[in-house]
Every structure is written in C-alpha cells, then in structure tokens.
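Sequence and structure come first.

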Amino acid sequence: MGKILTAIGLMSGTSMDGIDAALLETDGENIIRRGPSLYVPYDDDLRGRWKQALQTAKAVVERGDRPGDLADAERVLTLCHAAVVKSFLARHNFKPDDIDLIGFHGQTVLHRPDAGVTVQIGDGPLLASETGIDVVYDMRANDMVQGGQGAPLIPVYHAALSANLPDGFAAPVVFVNIGGISNLTYVGADGVLSAFDSGPGNMLIDQWVEAHTGRAYDRNGETASRGAVVPDLTRRYLLSPFFSGNIRRSLDRGDFLPPEKGEVSLEDGARTLAHVTAASIVTLADHLPQPPRTYVVCGGGRLNPVIMREFADLATAKGARVVSAEMAGFDGGAMEAEAWAYLAVRSLNGLPLTYPGTTGVSAPVTGGVIARKP
Ligand SMILES: Nc1ncnc2c1ncn2[C@@H]1O[C@H](COP(=O)(O)OP(=O)(O)OP(=O)(O)O)[C@@H](O)[C@H]1O
Ligand SMILES: CC(=O)N[C@H]1[C@@H]2OC[C@@H](O2)[C@@H](O)[C@@H]1O[C@H](C)C(=O)O
C-alpha cells in the first residue's frame with residue numbers, strides 16, 4: 001500500500017448548481033476513509049455568470065484561450081472554491097497543513113471530444129495560494145491529448161467503491177450518476193471497466209422548469225408528478241443518433257436541448273424529460289458487457305422521485321433493481337467530490353485516471369497538473 005494522503009475533492013458539475021467538497025483518506029488505490037462533505041449552492045447571480053461563461057467559451061479555439069470576461073469568471077469561480085475550502089476547514093477544525101492535497105475539477109465550459117477540446121475553468125495556482133494547500137487540477141486534458149474523450153473520469157472511483165459494496169446486491173452492479181448529464185460505470189468481475197455518458201440527466205428538466213417558473217429545478221419532481229409522458233416527444237429524444245449510433249462516450253451540455261416553450265405543457269414536459277432521463281440509462285445499458293442486475297444511483301437525480309420511479313419500472317422490466325447510493329452505504333451527493341480527491345492522489349502517484357473502457361483512450365493514462373502551495 002502506498003502512502004495514505006488526506007485530500008479534499010471539489011466538484012462544480014454540469015448542473016452548475018453549486019460546489020461539493022468532500023474529504024477522503026486514500027493511497028490512490030484503496031479508500032481508507034470517506035470523511036465529511038459540504039455542499040454550497042451558487043446564488044442566482046453566480047449561476048447566471050456560469051451560464052454566460054458557456055456562451056463566451058464558444059469562441060475558444062485553443063484550450064488556454066480566455067475570450068471576453070472568461071478570465072474574470074475563472075478568477076471568481078476559483079475564489080468561490082477557495083471560500084468553500086476555508087469554511088470546510090473551519091467547520092471541521094482542520095488547518096491547511098492537515099490536508100495534503102486538493103483535487104479541483106473546475107467548471108466545464110466547453111467539451112468537444114470530437115474536436116479534441118475540453119475546457120474546465122479553474123485556476124489551480126490561485127487556489128493553492130488562497131488555501132495554502134497543494135492542488136491537482138485540469139484532470140481531463142491529458143486523456144484527450146492521448147485520444148480519449150476526456151470524460152467520464154469517475155469510473156475508477158466507482159471501481160474502488162465497488163470493493164466496499166455490502167452483501168446482497170446482485171452482480172453485475174452498475175453505478176449511475178444522474179447529474180446534469182448522466183453516466184454509467186460497469187465494473188467487471190475481472191476489474192475491467194466499461195463506462196460512458198448515457199444521456200441527459202437533470203439538465204433538460206432544469207432548463208425546462210426554469211424557463212417556465214424561474215425555479216432552478218423541479219424540486220422532488222413535483223411538477224413532473226402532475227404531468228404525463230408524451231410519446232412523440234420521448235421518441236424524438238430517444239431517436240437521437242447518440243442512442244442509435246456507435247457509442248460516443250461523452251456529452252457536452254449543449255448536445256441535447258429542452259423542448260420549445262409551448263410545445264407541451266410545463267407538467268407534461270417535466271414528466272416526459274424525467275422519463276427520457278430514465279429511458280436513456282436503460283437503453284444505453286444494453287451496450288454494457290452484461291445486463292446489469294443492480295443499479296446504484298448517485299447524483300442529484302436520485303432525489304427526483306419521478307426519475308427514480310420511471311427508472312425502477314424500466315429496470316425491473318429487464319430484471320434489475322435500482323437502489324440509491326445511500327442504500328449501498330455511500331453518499332450520493334458527495335461521490336463526485338470524493339472522486340476528485342481520489343483522482344488527485346492517483347495523479348500525484350502517477351496512477352492511471354482513465355482506461356480504454358472509460359474514455360476510449362488507447363492505453364491507461366494518468367493526468368492532472370499540480371500547483372504547489374506557496
Ligand atoms: N430534491 C431534488 N428534487 C429534484 N431534483 C433535484 C433535487 N436535488 C437535486 N436535484 C437535481 O440534481 C441536480 C444537481 O445534481 P448534481 O449535483 O449531481 O449535478 P452535477 O454534479 O452538477 O452534474 P454532473 O454530474 O453532470 O457534473 C440539480 O440541478 C437538480 O436538477
Ligand atoms: C466534460 C464534463 O465535465 N463531463 C461531465 C458531465 O457530467 C456528467 C458527465 O458529463 C461526465 O462525463 C462528466 O463528469 C463526471 C463527474 C465524470 O467525469 O466522471
């Protein structure tokens with residue numbers, strides 16, 4: 001076993017809803033202890049700012065480009081992450097010296113795997129100087145340089161978690177992250193991974209509900225629960241080449257758009273999009289090496305009962321059971337942040353972050369850039 005490090009992972013995902021922080025003790029292979037976590041939501045101004053950054057980033061040609069106010073957005077985003085680290089430390093009586101490393105995801109503002117470009121804004125050196133802790137950041141880039149899709153990166157952490165699954169879950173167990181976009185990880189009995197993005201997660205529901213009500217998401221699926229699935233709309237999404245073509249492993253936020261306003265009612269739209277989220281996962285699970293028997297669900301979508309009901313119905317019809325990460329003894333909200341702590345330690349130790357079965361890279365590769373504390 002390698003040296004055990006204490007790392008904080010920081011995740012600001014495609015939903016752009018807030019920052020998750022989580023503590024992990026690990027040698028980069030075994031999970032020694034999952035520690036506390038903290039979620040700090042963005043206010044409406046910040047969410048608006050990151051949405052603007054997605055538009056501005058469309059002008060990026062070289063991944064280091066920071067057109068318009070993108071450099072300023074990067075600075076503000078980094079300072080928000082530094083503030084979260086500081087409150088996390090204060091809350092748990094840690095000093096910066098108690099923490100060996102931060103794994104910093106940053107915010108994806110552009111992801112075009114086919115063009116070989118992925119951009120996560122987030123200034124590692126600034127975060128290291130603000131927090132007084134070494135930072136590993138920019139963990140997707142090297143995978144893409146080596147021919148991978150740059151995402152998903154969480155599968156290697158799912159594999160580590162699968163060693164800690166309680167008894168009683170029928171194999172194969174597949175991890176599902178329902179974030180803005182959803183992704184699947186199958187861990188073979190031989191440890192070989194098969195993983196990919198599986199379609200829109202919550203992002204279309206969020207955009208649809210926000211356009212009608214100004215609310216950021218469909219809390220507890222309340223709007224969707226009052227609607228009905230519209231078959232034509234479902235078909236339109238599921239007929240997308242993403243589902244029928246050869247598997248493209250990773251998606252960008254702009255790859256799927258919500259329906260036009262007025263096309264269907266607010267409630268029917270929310271219900272149909274929740275159904276599409278569930279149906280996407282079950283459809284793409286057909287590409288896994290074996291049919292899943294248990295799905296372990298993490299990410300904010302597990303808190304939407306309509307998505308979970310649709311998912312359970314479709315999975316049951318194929319002989320599988322759907323359980324939340326919590327039912328498997330994990331923390332479904334903090335899992336991505338934990339993963340970024342784990343990846344940071346792997347990066348420091350030169351261990352692979354991605355594999356042919358996860359991002360399509362031709363051989364396992366490490367990644368990440370280290371910024372040392374001053
Ligand atoms: N109580 C709830 N009811 C319904 N939906 C919820 C609830 N809580 C969270 N969500 C959904 O979960 C989303 C956030 O999920 P999560 O934090 O997993 O996304 P993310 O990490 O940004 O995405 P990704 O994994 O794609 O990077 C919210 O935008 C919302 O749609
Ligand atoms: C480019 C990018 O940020 N992709 C995200 C996004 O959100 C979910 C899905 O699409 C996944 O591929 C990835 O995030 C997770 C955490 C990952 O890399 O594993």
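Leaving aside neighbours within four places in sequence, which residues is Met 16 in contact with?

## Basis

This is a predicted model, in which local features need pLDDT of at least 70 and side-chain atom pairs count only at pLDDT 80 or more, while totals for chains, interfaces and linings use all residues. Residues are numbered from 1 along each chain as its sequence is written, chains are lettered from A and ligands numbered from 1 in the order in which they are written, and side-chain values use heavy atoms, with hydrogens and water left out.

## Binding site

With those neighbours set aside, Met 16 is in contact (heavy atoms within 4.5 Å) with Tyr 42, Arg 47, Trp 50, Lys 51, Leu 54, Gln 107 and Arg 253. Met 16 counts as buried because its relative accessibility is 1%; buried means under 20% relative accessible area, exposed over 50%, partly exposed in between (1.4 Å probe, protein chains only).

UniProt, in an unreviewed entry, places a "binding site" feature at residues including Met 16 and Asp 20; such annotations may be inferred rather than shown by experiment. Asp 20 is also buried, at 17% relative accessibility. Beyond four places in sequence, Asp 20 touches Gly 9, Leu 10, Met 11, Leu 38, Tyr 39, Gly 333 and Ala 337.
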